[in-house]
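I opened my notebook on a new structure. My plan was to start with the whole chain and then go into one part of it.

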Amino acid sequence: MTEKDFILKDFDLSGLTSGSFSWQSPSNIALVKYWGKSDPQIPKNPSISFTLNNCHTLTTLEFKKKDKVSDDFEFEVIFEGKKREDFKPKIEKFFKRIERYIPFIRNYSYVINTENSFPHSSGIASSASGMSALALCLINMEKEINPEITKEYFNRKASFLARLGSGSAARSIEGEIVVWGEHREIPESSDLYGIRFPFDVHPVFKNYQDTILLVDKGQKQVSSTLGHNLMIDHPFSKQRFDQARKNISALTNILQEGNLKNFVKLVESEALTLHAMMMTSDPDFILMKPNTLEIIQRIREYRSQTESDICFTLDAGANVHVLFPEREKENVNTFINSNLLAFCQKKQYICDQAGKGAKKAN
Ligand code: DP6
């Protein structure tokens with residue numbers, strides 16, 4: 001599908017005067033990372049992620065038809081019960097970007113009521129779950145106006161819109177494994193939206209566990225957008241983008257064959273490469289904390305001393321995602337409790353696992 005396929009044409013709004021839609025949309029954790037983009041939110045390399053199950057945003061979009069269409073976007077944002085002016089610029093930018101595809105957006109005024117299942121200041125990125133939840137509410141309005149759209153179109157356009165809000169949000173519509181970004185070995189993959197991993201996945205990856213250790217709950221020092229931009233003149237960018245494409249090929253086989261040794265190697269290398277890119281950009285920046293490294297070290301020790309296939313990954317922050325197969329749940333939880341929680345802020349962590357994607361809420 002091309003960008004033009006997502007433009008809504010010839011619509012009739014007479015049947016939709018007011019109402020509300022609610023969607024619960026998950027966060028996701030990338031295995032092969034998206035780091036580097038061009039306008040408009042086109043990734044420099046494909047990425048692949050596990051959709052999460054427990055970390056999600058619940059958004060209700062109330063809409064009311066305006067008497068007269070005005071030039072501005074009329075909306076209010078309520079986050080966890082409080083009106084938030086500071087959330088508005090990002091949403092306004094999102095509305096501007098998607099207006100071409102959701103042309104009725106200015107015909108309504110909105111109240112966006114949103115909450116996260118995880119603490120806001122946990123350092124867990126809420127842009128993927130937040131933007132995808134809002135995109136789903138908007139495409140739900142489009143479906144109301146144009147009920148003929150198929151489920152596939154609905155999901156693809158939701159992902160397409162979400163991407164325009166935040167790149168990684170494109171991977172939060174479906175589950176359990178999503179690819180975003182064109183790759184020649186993955187049929188139907190696209191830079192414009194995420195698709196479900198199109199091959200059979202080995203059962204060992206079913207309900208794959210992700211325990212998120214909250215090492216540093218502070219605000220991000222460097223926004224993702226700024227970080228992505230530092231890849232433009234980065235001395236290693238070409239090699240990095242080529243490497244990511246090769247890693248997608250390798251991971252495509254690993255996910256089908258269930259080779260956990262290779263999975264561990266590739267996933268940890270991706271996490272460290274992401275941070276290596278940050279540490280070698282100009283200006284450089286370091287998001288890992290001493291406790292991030294301590295945890296990584298301990299995970300590696302545990303792996304070398306046991307038969308475990310535990311591994312770690314990182315996103316743009318200091319928190320550590322501990323990944324392991326469901327069959328190791330009991331042992332790894334014991335290990336985390338006794339050996340890793342001491343390195344988390346206030347011993348905080350979140351147990352999650354691969355999930356099935358966004359859901360309409362009542
Ligand atoms: C490190 O999706 O947050 O988590 O498109 O600017 O909103 P924007 O960036 P964002 O970047 C996520 C980067 C990452 C890796 C990943 O999720 O693939």
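**Whole chain**

I looked up the secondary structure and found eight helices and 14 strands in the protein chain; helices (H or I, at least four residues) and strands (E, at least two) are DSSP runs, numbered from the N terminus. The radius of gyration is 20 Å, close to the 21 Å that the globule rule gives for 362 residues, so the chain is as compact as a globular protein of that length. That radius is taken over C-alpha atoms, and the rule is 2.2 Å times the number of residues to the power 0.38.

This is a predicted model, where local features need pLDDT of at least 70, side-chain atom pairs count only at pLDDT 80 or more, and totals for chains, interfaces and linings use all residues. Residues are numbered from 1 along each chain as its sequence is written, and side-chain values use heavy atoms, with hydrogens and water left out.

I checked the extent next: the C-alpha trace spans about 70 × 45 × 40 Å along its principal axes. Buried residues (under 20% relative accessible area, 1.4 Å probe, protein chains only) make up 56% of the 362 residues.

**Strand 8**

I then turned to strand 8, residues 177-180. Ile-177 and Val-179 point one way, Val-178 and Trp-180 the other, and all are buried.

Which strands pair with strand 8? Strand 4 (residues 47-65) does, in the antiparallel sense over four bridges. Strand 9 (residues 194-196) also pairs with strand 8, antiparallel over three bridges. Pairing needs at least two DSSP bridges between two strands.

I followed Val-178 across both pairings. Ser-49 stands opposite Val-178, and Val-178 stands opposite Arg-196 in strand 9.

How values were computed
Buried means under 20% relative accessible area, exposed over 50%, partly exposed in between (1.4 Å probe, protein chains only).
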